[in-house]
Amino acid sequence: MMDGLLDASLAICLPLLAWLVLRTEALSQAVVLFVAFGLFSALGWARLDAPDIALVEAAVGTGLTGALLMHTLSWTEEDSSDVRARARRRPWALLCTVALAAPLGWAVLALPADSRGLGPLIAARQGDSGVEHPVTAVLLNFRGYDTLLEIAVLLVAALGARAVNPRSERPDKEAMEDPLTGELFRMMTPALLLVAGYLVWVGDHGPGGAFQAGAILAGGGVVAILTARMGTPRMSSPRVRWALLTGPLMFILVAVAPLVSGGRLLEYPQKYAGTLIFVVEAALTVSIAMVLLMFFPGTRPPRALPEETP
């Protein structure tokens, strides 16, 4: 009974929150509603027995994206003309939402009632993957090509974000120094490292993996930037470059190693498959954390003073 009430509440709240995000005319309200929508989405994925996606949604869709939007919101100055302009565009947003939702709804309703998808095929080959969790097996073994290309896309996105980001000055540490936040950050750091390490380890046989662990580390990095314990990552730093490239380079090395012994690309030796996947995930955790940090703008750039008229 309680499960049914929870599912019904999520089915009502998710479309309502999505509509409110589109309907609101104030950016600050839209950001808060978007964060709430992300939290309810994480609950929805958990109810659909997709804990891996729920973890990513909670860490990235709500945590990091919410922090990014709220921090960026402090750079903006909203006036009444901007609000009126967004209000005029509101019907078009609703029309686009309906146009996207209609084919997705039709696709779900058109699925056969007895459709089990690729589950049986994955279960039949699970023993060959080297890991016990089907999501990890699919991402890093059965469709390793796709995951490798996704990491490359993340790198390109990070470079693009850094290219369009204004060069922010380093924060004044004395001005932002706060004993309370400093102590909180020092207490939080070991817990973040422990949770991230656990998520990498548990990805072998349960919900977790490199992306979830990288999101946790990136969240700690965002707190460090906001509390002036760390500057924004810069491409000129060799450490930042190596952190970005560690995961992709390790993935490529493991992918091409079988070619030396006459095997195929990304064909893990069954005896060492689990160990190789763990090594790749550990390296990808570092790169994903740095990629996500590259999206964070850091401190606000200085404003240009208006020119005095003679």
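Analyst: Of the 310 residues of the protein, 32% count as buried, where buried means under 20% relative accessible area, exposed over 50% and partly exposed in between, with a 1.4 Å probe and protein chains only. Please keep in mind that this is a predicted model, in which local features need pLDDT of at least 70, side-chain atom pairs count only at pLDDT 80 or more, and totals for chains, interfaces and linings use all residues. Residues are numbered from 1 along each chain as its sequence is written, and side-chain values use heavy atoms, leaving out hydrogens and water.

The protein exposes about 19000 Å², an area from the Shrake-Rupley method with a 1.4 Å probe. Carbon and sulfur atoms supply 70% of that surface. The secondary structure comes to 13 helices and 0 strands; these are DSSP runs numbered from the N terminus, with helices (H or I) of at least four residues and strands (E) of at least two. Among contacts in the protein with a separation of 6 or more, 74% join residues 24 or more positions apart, a contact being heavy atoms within 4.5 Å.

Now to the helix you asked about, H13, which spans residues 273-294. One partner is H12, residues 238-260, and the two axes come within 8 Å and cross at roughly 150°. Axes here are lines fitted to C-alpha atoms, for helices over the stretch in contact, and angles run from 0 to 180 degrees between N-to-C directions. H12 and H13 are therefore roughly antiparallel to each other; angles over 145 degrees get that label, under 35 count as roughly parallel, 65 to 115 as roughly perpendicular, and the rest as oblique. H12 passes H13 in a left-handed crossing, meaning that the near helix is turned anticlockwise from the far one by less than a right angle, with clockwise giving right-handed. On the H12 side the contact includes Val240, Leu244, Phe251 and Val254, and on the H13 side it includes Leu276, Val280, Leu284 and Met290. By class, this contact has 17 nonpolar, 3 polar and no charged residues. Ala, Val, Leu, Ile, Met, Phe, Trp, Tyr, Cys and Pro count as nonpolar, Asp, Glu, Lys and Arg as charged, and the others, Gly among them, as polar.

H8 is another partner: the axes of H8 and H13 come within 8 Å and cross at roughly 30°. That makes H8 roughly parallel to H13. The crossing of this pair is left-handed. H8 brings Ile151, Leu154, Leu155, Ala158, Ala161 and Arg162 to the contact, while H13 brings Leu284, Ile288, Val291, Leu293 and Met294. Those residues divide into 10 nonpolar, no polar and 1 charged.

H8 itself covers residues 144-164 and holds Thr147. At 9% relative accessibility, Thr147 counts as buried. Leaving aside neighbours within four places in sequence, Thr147 is in contact with Leu139, Leu140 and Phe251.

Ser129 is buried, with a relative accessible area of 0%. Beyond residues up to four places away in sequence, Ser129 touches Ala137, Asn141, Phe142, Ala273 and Ile277. The C-alpha atoms of Ser129 and Ala273 are separated by 6.7 Å, although these residues are 144 apart along the chain.
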